[in-house]
4 protein chains.
Amino acid sequence: VSDFIEKLVEEFARFPGVGPRQAKRFAYYLLTRNEEKLKSFTESLLKARKSVAHCGSCGRLSVKSGKTSLCAICADASRDKTLFMVVAHDVDVESVEKSGSYKGYYFVLGGMVPILDEKPEERVRVSELKKQTASRTRDGLTEIILALDLNPEGEHTGEYLKTLLSPTVAGKNIKITLLGRGLSTGTELQYSDPETIKNALKNRASV
Amino acid sequence: VSDFIEKLVEEFARFPGVGPRQAKRFAYYLLTRNEEKLKSFTESLLKARKSVAHCGSCGRLSVKSGKTSLCAICADASRDKTLFMVVAHDVDVESVEKSGSYKGYYFVLGGMVPILDEKPEERVRVSELKKQTASRTRDGLTEIILALDLNPEGEHTGEYLKTLLSPTVAGKNIKITLLGRGLSTGTELQYSDPETIKNALKNRASV
Amino acid sequence: VSDFIEKLVEEFARFPGVGPRQAKRFAYYLLTRNEEKLKSFTESLLKARKSVAHCGSCGRLSVKSGKTSLCAICADASRDKTLFMVVAHDVDVESVEKSGSYKGYYFVLGGMVPILDEKPEERVRVSELKKQTASRTRDGLTEIILALDLNPEGEHTGEYLKTLLSPTVAGKNIKITLLGRGLSTGTELQYSDPETIKNALKNRASV
Amino acid sequence: VSDFIEKLVEEFARFPGVGPRQAKRFAYYLLTRNEEKLKSFTESLLKARKSVAHCGSCGRLSVKSGKTSLCAICADASRDKTLFMVVAHDVDVESVEKSGSYKGYYFVLGGMVPILDEKPEERVRVSELKKQTASRTRDGLTEIILALDLNPEGEHTGEYLKTLLSPTVAGKNIKITLLGRGLSTGTELQYSDPETIKNALKNRASV
């Protein structure tokens, strides 16, 4: 095979969740397509890339609107300014929006804080978060919600953010909260860990 | 193969989670063992069976104590008489006990109420539950916790029990509660359903 | 739980392919059954055990016939005395019989020869195999078929048996053979290893 | 999201083995990359496409050499002209070459003949195969090897090709063969189907 093809396979092998065998199948799939169609594929790829940008506020990838650098959520002045939710990834924003039960603003960290990482500020957007939090404290903020995965990395990230933001909100009547724990859809009691059951009991509610 | 062996394989195929191939392996495993050892296995099986009984109160299988028909939990007068938790299976009691955050009494239904079942009272112990609930309402009961799996059958069973027990507790300042919903250990936000996120938001708590 | 029950769970955990969680479910399943039924289960187990024995010739577990210590195959004088097939396990005999294309006799080793095992003769029935082979060489034997799994342990066992049996058949016009290699049902060419393809080419046949 | 992005996700969802969720992740992965790098990726894709072509003889995708329309194998006059192997896919050629035990020429059908397909000639390259076979019969051909997957579609394709090519080779002392069947690497006897064991017995060989 030519060097061009090998380079292509390498590129595909860097795609998320793609191993060498699938990378090869992708290359083969594209190389056997009509040249015109392939050209149109690469063009739509570049056009799509040009159409998006990271939101100037929450940081998530979103479609440029032309007039502003803000995404549709951050540009919506009717949302609740008292609430500010920090999530790790863009997709988390989508999940929370689908629940229809949050009307505040978001901040996307761009990743978790790895447990043994000594310089998390080089990995996730912590200085930007601090700056925005400070600005929001002067604009009616009453609660920062740390909405993180319930696994060791998520818990570590929560601890880190709490320590980071506490000075900024100290003495300002702003609370920092975590998402509630309990049974999630599909959970069976007999396979639940003690911590989940403990929280499910604490958060029990009348029917 | 002899009829004896075929019958044996059939018995193993009735074991929970065992298919015909594994049933055959079990039969083969036992048939190739020393006769003395096999005899001692069947004896320990019969002895174990004789050593257990369903608790006269909560109904779960437990080791007979000789003096009483009650299991260790139901016989423990120091537990909290204001709380009564209904679970589907014996193993659910173990899970809740492991959490260390419940000190009340239990009732084991002995199964879920299937969604299209017309005569659930023939399947799970509903008349016994009603009788015990009535008795407990005269003995300080303040809350019945329906601790059920978070799946369609569990939700259906919860609805059924609520309807069943409401008359018994009506006007008595006793509430019926469900376990709290939210993120359970291991949950990742991006794969969470809207209902789970909605409840995780509702149950959020300050750190 | 009582010691009886713990002992029972331990016994089930020794069953092939059963982990601690399933062992517990088995114990629970049996302990909640009617005592009479449990008794009849243990009796059918002991009866089945009494009804079987290892064949005095090939060694596989089979139903005792009363008159002879031989299994139905070894007792069948009409089979082909020129062929002697060595397999690792009882179930291998069943597989070969199902193919309907072998009419000779069998010998069940009772296991594979592990690659780093220094004393295989303590693990598999090698001295008995040698003895029987010697006896069959005086009774018309022309071929010993080593029918072993096509994995490293099977190949190692094949090598071991070849070395073991070569002196016994030397100078006697008896060949030692291995099962043919090639594509097996379901094999896709693109996922086949070079060795399989090499043999599939060697064994190709006119249609 | 913009139409550009939706279109992009649709394109990725057409990649082999890619579902909607992974397609979205691919789109997101590329859209968050540096624009320069993305540009270079699309360029390497187009260059690679331009560097390849279907071989004028066997039909498989291969790197253009400039002087000839033939792939490296078909252009190699030192290979064995008596052998002609028909495979379904390009990757099958790679598998057979890796075995190092075939030195003849290839023909890539470009797919299997589906079992209920009424017009296979519109799907796979049958008229080209017939033409090439006829030409090779005048050039020393002695054997056509149908090297197909050992599943129902492969067997059907083999039947179809046999019927197709029989007239062309009739009376010419050219045989049509299939790859040999038997145990393939990793096969365990106890899980083998009767047909595989039958063939493994037929193809058994002395050690």
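This is a predicted model: local features need pLDDT of at least 70, side-chain atom pairs count only at pLDDT 80 or more; totals for chains, interfaces and linings use all residues.
**View 1. F84(D) faces its bridge partner in β5(D), which is I144(D).** Strand β3 (residues 80–87) of chain D and strand β5 (residues 143–146) of chain D run parallel, joined by four bridges.

**View 2. Over at chains A and B, β7(A) pairs with a strand of chain B.** The partner is strand β6 (residues 175–178) of chain B, and the two go antiparallel over two bridges.

**View 3. E143(A) and R204(B) are linked by a salt bridge between their side chains.** The N to O distance here is 2.4 Å. Count the salt bridges between chain A and chain B and you get two. Polar contacts between these chains come to 33 residue pairs, with both residues at pLDDT 80 or more. On the chain A side, β3 (80–87), α4 (90–99), β5 (143–146), β6 (175–178), α7 (194–202) and β7 (205–206) each put in at least two of the residues that touch chain B. The top contributor is α7(A), with seven residues. Sorted by class, that side of chain A holds 21 nonpolar, 16 polar and 12 charged residues.

**View 4. Chain A and chain B bury about 4,200 Å² between them.** Carbon and sulfur atoms account for 59% of that area. Which three residues supply more than any others of the area chain A buries against chain B? They're L189(A), R204(A) and V207(A), with 16% of it. In contact terms, 49 residues of chain A meet 49 residues of chain B.

**View 5. Chain A by itself has seven helices and seven strands.** Along the sequence they follow the pattern α-α-α-β-β-β-α-β-α-β-α-β-α-β. Its radius of gyration is 22 Å, well over the 17 Å the globule rule gives for 207 residues, so chain A is more spread out than a compact globule. Taken along the principal axes, the C-alpha atoms of chain A fill a box of roughly 65 × 50 × 40 Å.

Conventions: Residues are numbered from 1 along each chain as its sequence is written. Chains are lettered from A and ligands numbered from 1 in the order in which they are written. Side-chain values use heavy atoms; hydrogens and water are left out. Contact means heavy atoms within 4.5 Å. Buried area is the accessible area (1.4 Å probe) that two parts lose on being put together, summed over both. A salt bridge is a side-chain nitrogen of Lys or Arg within 4 Å of a carboxyl oxygen of Asp or Glu. A polar contact is a pair of N or O atoms within 3.5 Å; within protein, one must be able to donate a hydrogen and the other to accept it, and residues adjacent in sequence count only if both atoms are side-chain atoms. Ala, Val, Leu, Ile, Met, Phe, Trp, Tyr, Cys and Pro count as nonpolar, Asp, Glu, Lys and Arg as charged, and the others, Gly among them, as polar. Two strands pair if DSSP finds at least two bridges between them. The radius of gyration is taken over C-alpha atoms; the globule rule is 2.2 Å times the number of residues to the power 0.38.
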